[in-house]
Amino acid sequence: MATRTIVEVPGVARRKRLEETYIGDWLMTTDHKKIGIMYMITGFFFLMSGGVEALLIRTQLAVPNGHVLTPEIYNQIFTMHGVTMIFLFVMPTLTGFGNYVVPLMIGARDMAFPRLNAFGYWVVLFGGLFLNSSFLFGAAPNGGWFNYAPLNETAAGCGNGIMCTPGMNEDFWLLAILLLGISSISASVNFVVTILKMRAPGMTLNRMPLFTWMTLVTAFLLLFAIPSLTAVSVLALLDRHLGTHFYQAASGGDPLLWQHLFWSFGHPEVYILILPVFGMISEILPVFSRKPIFGYTFIAWSGVAIGFLSFTVWAHHMFAVGLPAVAQAFFATSTTLIAIPTAVKIFNWLATITFGKISLKVPMLFALGFIGMFLIGGLDGLALAVVPFDYQVTDTYFVVSHLHYVLFGGSVFGIFAGVYYWFPKMSGKLLDERLGQIQFWLMLIGVNLTFFSMHILGLLGMPRRIYTYPANFGWDEINLLQTIGAYMLGIAIMVFFVNLIVSLRNGKEAGDDPWDAFTLEWDTTSPPPHYNFPVVPTVRSRRPFYDKKNPDIADWKTATH
Amino acid sequence: MAEEQNQNQKSQQLPDKGPPSKGVQGQALQPSTSYWPFALAVALSILLLGVITGPVVLAIGAVLTAAAVIAWGLERR
């Protein structure tokens, strides 16, 4: 508790307590807004790290027979790129949005368990640092982001042509995943209790903002999916350190157990990465179309349906391992079914903007970009649900294209839509519109240049994860094009960081409600005071702040809400 | 705890304009700060690092984790 600063108070001289210093204030905070901002800063820090790794991959693959990296380092880089982007960028950033926005949206003063909330954040930070510290040991994880068995086994698990990883590489992956799982569970418990128990008077589930709805569904998904990931990691640690053989076929174990357990987490994880973004888009489109959301009930409940169905589709990642025909039929069907609630959302979003007074501000551009890009990723997913086609393109760049359209074109576009939309609330400043437009168009062109041509590359048979490739397979020009696209994406992200710095220093004052928005987070100052609202608001419709600004035509007077 | 906070929200309504009085803001509405969440996260990371590096680090991590959990539980709020 000892500090360095002395505060002069008339008649009294005392040392500042730790929480009164700037650093101590952030270290000890339990304020959901500060914790949300820390989550997002951490997420964007790891975006830079994962982005550099992506550029290294693309530089290595730009031309045939490339030798920018060694094969060993290349394996570590592409593994860390995937793990970083999924577990350390998208997940923490979305949790940050939830932390900052959800209590404000529902009229609460904080999360239900503020200390647990702080703990969840610090575990993410140290989990990320722990994982990346593996580079210092020259032993970063190198078995791909899903770290299949028996590749993740020690020497006891390999031989007879079976590869394994005797070094510490996989231990870092397994232990970091355990840490990050603890954080996810902490955050999820907090979201569930906060959303179910701390809503403002009058805010029934049927009036809850859709971002809050999707955060709730995501929290439940995490609560049910993370235990599977934890179990799969613990079993691997037991194999590696205590001589068990859960995944060692030669000793009666089964490597496919890893795939089943991992993907029973891994596919809900895809929706964990995208459902909060669906919520963001459902908030942004109505505001910039000057209309209420179309089909609120369908959007909310289709999110719930996606949540349930996401636990029934995991083995579509495993068609090529030789599942029984009945299992293939089941998982192909369930994968096709999940497209229905997803399409319900897309049609409702399109109906929302139809005949609206559309304002093409940067948040809206990213939201529209999200719809287009996510649609491509979703249709790819449907194609991959067709078992014979999946056989042809499994483990090729077609799959890489699909997952990047979903996660970059989907999650990342949505995250930037959310950043441009809520940054004024968080900082009191508007992000620069011109720089935002430059970033958007660079990203839109970059994402298609990089990932669309991967469809063709996959159909031409280029396997994913290969270190290099020979010339004259018809892959050369396409790979170069993808590398150019990847650097465009890198520039776009740099433009964003420039925008962030410039706007924080010299940005236009945002005011409390720069977008003439509808929900409660805008009914307080920018940035909000520690206690969020001087008076806890009372809610009478799905657009409580719109009602307050337009009492004569309030939703609760004119519509059924 | 959630219900308790919810009741606080409903009962402690503040004036429409201006910040709430310091007493109300400090005591009823704001959760108090704590460095134990931070400390526990550090201790857990050391514990898991010990799995890789050896029993000494593992033991230090275990002691720190236990200490952080106990201290968090005993902290006055």
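This is a predicted model: local features need pLDDT of at least 70, side-chain atom pairs count only at pLDDT 80 or more; totals for chains, interfaces and linings use all residues.
L180(A) counts as buried, because 26 C-beta neighbours lie inside 10 Å of it. The cut-off for that label is 20 or more. What does L180(A) contact, once its neighbours within four places in sequence are left aside? The partners are F87(A), V124(A) and G127(A). For a sense of distance, take H530(A). L180(A) and H530(A) are 350 residues apart in sequence. Their C-alpha atoms are 28 Å apart in space.

Now step back to the whole of chain A. Its secondary structure comes to 17 helices and two strands. The chain has 561 residues, and 55% of them count as buried. Its C-alpha atoms fill a box of roughly 75 × 65 × 40 Å along the principal axes. How does the radius of gyration of chain A agree with that of a compact globule? A compact globule of 561 residues would have a radius near 24 Å, and chain A has 24 Å, so the two agree. Contacts tell of the fold in another way. Take the contacts in chain A between residues at least 6 apart in sequence. Of these, 80% join residues at least 24 apart.

Next, look at a pair of helices. Helix α11 of chain A spans residues 362-384, and helix α14 of chain A spans residues 433-459. They pack at an angle of about 10°, with their axes 9 Å apart. Angles under 35 degrees count as roughly parallel, and α11(A) and α14(A) are therefore roughly parallel to each other. Which residues make the contact? From α11(A) come V362(A), L365(A), F366(A), G369(A) and M373(A). From α14(A) come E433(A), G436(A), Q437(A), F440(A), L444(A) and V447(A). By class, the contact of α11(A) with α14(A) has seven nonpolar, three polar and one charged residues.

Helix α13 of chain A is worth a stop too. It covers residues 397-427. Where does α13 bend? The helix bends by about 40° at Y421(A). A proline, P424(A), follows within four residues. Of the 31 residues of α13(A), 29 are buried, so this helix is largely enclosed by the rest of the structure. After α13(A) comes G428(A), with a positive phi near 80°.

Chain B is next. It has 77 residues, and 30% of them are buried. Its secondary structure comes to four helices and zero strands. From the N terminus on, the elements run α-α-α-α. Among contacts in chain B with a separation of 6 or more, 31% are between residues 24 or more positions apart.

F38(B) is found in helix α3 of chain B, residues 36-53. Is F38(B) buried or exposed? F38(B) is buried, because 21 other C-beta atoms lie within 10 Å. Leaving aside neighbours within four places in sequence, F38(B) is in contact with L27(A) and W122(A). Both of those partners belong to chain A. Within chain B, F38(B) and G61(B) are 23 residues apart along the chain. Their C-alpha atoms are separated by 14 Å.

Key. Residues are numbered from 1 along each chain as its sequence is written. Chains are lettered from A and ligands numbered from 1 in the order in which they are written. The radius of gyration is taken over C-alpha atoms; the globule rule is 2.2 Å times the number of residues to the power 0.38. A residue is buried if 20 or more other C-beta atoms lie within 10 Å of its own, exposed if 12 or fewer, and partly exposed in between; C-beta atoms are placed from the backbone. Two residues are in contact if their C-beta atoms, placed from the backbone, lie within 7 Å. Axes are lines fitted to C-alpha atoms, for helices over the stretch in contact, and angles run from 0 to 180 degrees between N-to-C directions. Angles under 35 degrees count as roughly parallel, over 145 as roughly antiparallel, 65 to 115 as roughly perpendicular and the rest as oblique. Ala, Val, Leu, Ile, Met, Phe, Trp, Tyr, Cys and Pro count as nonpolar, Asp, Glu, Lys and Arg as charged, and the others, Gly among them, as polar. The bend at a residue is the angle between axes fitted to the seven residues ending there and the seven starting there.
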